[in-house]
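Please go through the briefing below with the structure open beside it. It is meant for a reader who is new to this structure.

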Amino acid sequence: MTAPADTGAVQRRRVAVEGVVQGVGFRPFVFGLATELGLAGHVTNTGAGVLAEVEGSAEAVRAFCHRIRSDAPPLAEVHTLAQEVLAATGAPGFAIVASRDTGTRRAVIPPDTATCADCLAELADPGDRRHRHPFITCTNCGPRYTIVTGLPYDRARTTMARFPMCADCAREYGDPADRRFHAQPIACHACGPRLSLIGTRGRHRALGEDAMAAARRLLADGAVLAVKGIGGYHLACDAADPAAVAMLRRRKARGDKPFALMAGRLSDIEELVHLGEAEQRLLTGAVRPIVLMRRRAGGGPVAEAVAPRSPDLGVMLPYTPLHQLLFGLPGDPPGPRLLVMTSGNLSGEPIITDDGEALERLAPLADAWLMHDRPIHVPCDDSVVRVWSDEVLPVRRSRGYAPLPVALPLAVPPVLATGGDLKNTFALAEGRSAWLSGHIGDMDDLATLRTFDRAVEHVRELTGVGATLLATDRHPGYRSSQWAVRRSATGGSGLVRVQHHHAHIASVMAEHGLDGSAPVIGVAFDGTGYGDDGAVWGGEVLLADYDGFGRFARLAYAPLPGGDAAVERPYRMALAHLHTAGLPWSADLPCTAACTERELLLLKRQLERNLNCVPTSSMGRLFDAVSSLAGVCHWSGYEAQAAVELEAAAASVNEVGEGYGFELAHGGTESGDAEWVADPRPVLAAVVADLQAGATPAVIALRFHRAVAGLVHALCVRARRSHALETVALSGGVFANTLLLTDCVAALRRDGFTVLVHRRVPPNDGGLALGQLMVAARTR
């Protein structure tokens, strides 16, 4: 807003600030700024943000209104600043006054933030009164989102309300010159949360600093430890101890899904992975997500069972003082340098936050529990990112990012988008802002559904958005869709079903600020999505905007024999593709050898009679088929394992010459409505020929990646030729494959296309909700 004109030597203005201005030291900042400029008045938190009134010379008031934005605290984000001229009162002094519950809910609570350098220095300083305090924090770091119970943001509306400040903390809290001036989570050894180490059967072993020392000893001795963090429990063990890692994997029924690692220092991972500047910034910044990085040859001191056959290691650095202490301070007995740090849950269930539930549910998994008595109000799993071409690609958007809003290119009515059933993340939006939840998980059990319910209510409370419209996937069997149907029926909200791949493309359009006035060429490659014709889609090229889409091209349909059975056993998908392509199931093919004679016979009959064989155009399933056909992966113990291992194989070789080639066919004239169909028969035939000629799985894998990148380019060129479109949007879980993503983007950009890829939400189903709400807002 334009500042009002000066009205005299002394002015009083009311300044309303909205954005990320609560929980970031904004009121202390305003207090200090006003005091420095000799201004009188007050500042308070409201449900909408921060409200200040300042009185003084016109010059000082102008400087205040400028610097409140330009000099804001490091964690703050000022979105809007409105000014109003008031009558001067002549009252002296400046104060932070009690928060006002205005009824409006527009304040943005910051995410949980990694421990700052100042707090880390105090943590390690034997002369500081917070030496070794596991909950050290200040206005610039620490928990926020996971401890907030309501707005405006004050200690009484956090889970720190149960811990009255001691005299020393109260003095720091009230001292404008102190770094902890009005820091709501302030605490120390005397008044803060307490650590305890609990053994099996609920027996107390140690408290406080003794609990931390005992926990380090247990980890060094090969135990599995349940560790309560900011957003939930982790399960931890020594990543260099093969027996400990194998035990954790066995107890958690993890299959071969990679574990995340936490390293005490950056130098501890340099020998493990290829560490670039972008990765270092992510690892050491305020968010500190899990960063997926390419492994170095040799692997270093990490047990093979940490990430078997994965091309990447997912690594993070400590982001809480408790984690820092778990690795020890100078002078502590040596312990593990690298810890497995995986979500504290049974496989497929949401992360556990409740202490009683942790003792019960994690009893088969953990040898001991390192706990504390500060409640976690809302679960928040670790975020996961990877870097490609110095760009950040989100894989899971959660801790450190949630609940920061995503700016929308168009205003939307109050809408709740439920996302999908895998990697569920929902979104609540109104106007030009969308608040995305943290990672909820896979919606396949009652515990996850309960977590979804609680998280929806929490975000609604923080934002004040009462959804009048629900957006959900078209799949009738999705639990997220069934939830939306029930809520619509009981709450009177409108319901819009959005096609899965349309939502993917709308998601990447929205985060790039496209207003939808022109369609894009949307390439949506993933594992599964309910198609308009009842088939399982996943290899689609759409001409799309927010209002609708047309399918320009697709991968040729192949049968999905047995549904989930084909997903879990990629050799079935390979044999189904060979059958469709008219290629024999030769006994020397790896996928044939992986199948028993009885299953081969049954599968052949199933395919011939088309029994329980839903057609699919899924590119994800084609990756599975080639992975098995090449002899890379025949059984999938976690989502996309076959594709991940195929990427790993492809990344192990540098050059293979030309890739394979798809056959493109069109049902009518190129300018007509008929779809282009990409037939993989020539690709599959070439793979078989290469196998019989002795080509390695790695060579086949890279040639296949080149084929898919070539297909994307060829179809986009055809779409441009027939529809005069220049912008390509890439979305879907297949584009979490950075080898493929890099090749696709490079080829398209060389040919003059503008290419949109995900930077703020994941390309997988964790980004669906953003696209759903944009489509629903336009098609309701």
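Predicted model: local features only at pLDDT ≥ 70, side-chain atom pairs only at ≥ 80, totals over all residues.

Residues are numbered from 1 along each chain as its sequence is written, and side-chain values use heavy atoms, with hydrogens and water left out.

**The second largest pocket**

- The second largest pocket has a volume of about 680 Å³, a volume being the space filled by probe spheres set on grid points that are joined across faces, edges and corners.
- A pocket here is an open set of points on a 1 Å grid over the protein atoms alone, with protein on both sides within 12 Å along at least five of seven lines, and its lining residues have an atom within 4 Å of a point.
- Of the 31 residues lining the second largest pocket, Val20, Glu77, His79, Leu404 and Pro405 are the closest to its centre.
- Strands S1 (10–20), S4 (77–86), S16 (391–396), S17 (405–417) and S18 (427–436) are the elements that each give two or more residues to this lining, and S18 gives the most, with four residues; strands (E, at least two residues) and helices (H or I, at least four) are DSSP runs numbered from the N terminus.
- By class, this lining has 16 nonpolar, six polar and nine charged residues, where Ala, Val, Leu, Ile, Met, Phe, Trp, Tyr, Cys and Pro count as nonpolar, Asp, Glu, Lys and Arg as charged, and the others, Gly among them, as polar.

**Cavities**

- Six cavities of 30 Å³ or more are found in a search of the whole structure, a cavity being a set of grid points where a 1.4 Å probe fits but cannot get out.
- The largest cavity has a volume of about 130 Å³, and of its 18 lining residues Pro134, Ile230, Thr320, Pro321 and Arg374 lie nearest its centre.
- The second largest cavity holds about 100 Å³ of space, and helix H1 (residues 26–36) gives the most to its lining, with three residues.

**Helices H19 and H20**

- The axes of helix H19 (residues 681–692) and helix H20 (residues 697–723), which are lines fitted to C-alpha atoms over the stretch in contact, come within 10 Å and cross at roughly 160 degrees, with angles running from 0 to 180 degrees between N-to-C directions.
- That crossing angle makes H19 roughly antiparallel to H20, a term used for angles over 145 degrees.
- Val683, Val687, Asp690 and Leu691 in H19 meet Ile700, Arg703 and Phe704 in H20, contact meaning heavy atoms within 4.5 Å.

Terms used: Parallel < 35°, antiparallel > 145°, perpendicular 65-115°, else oblique.
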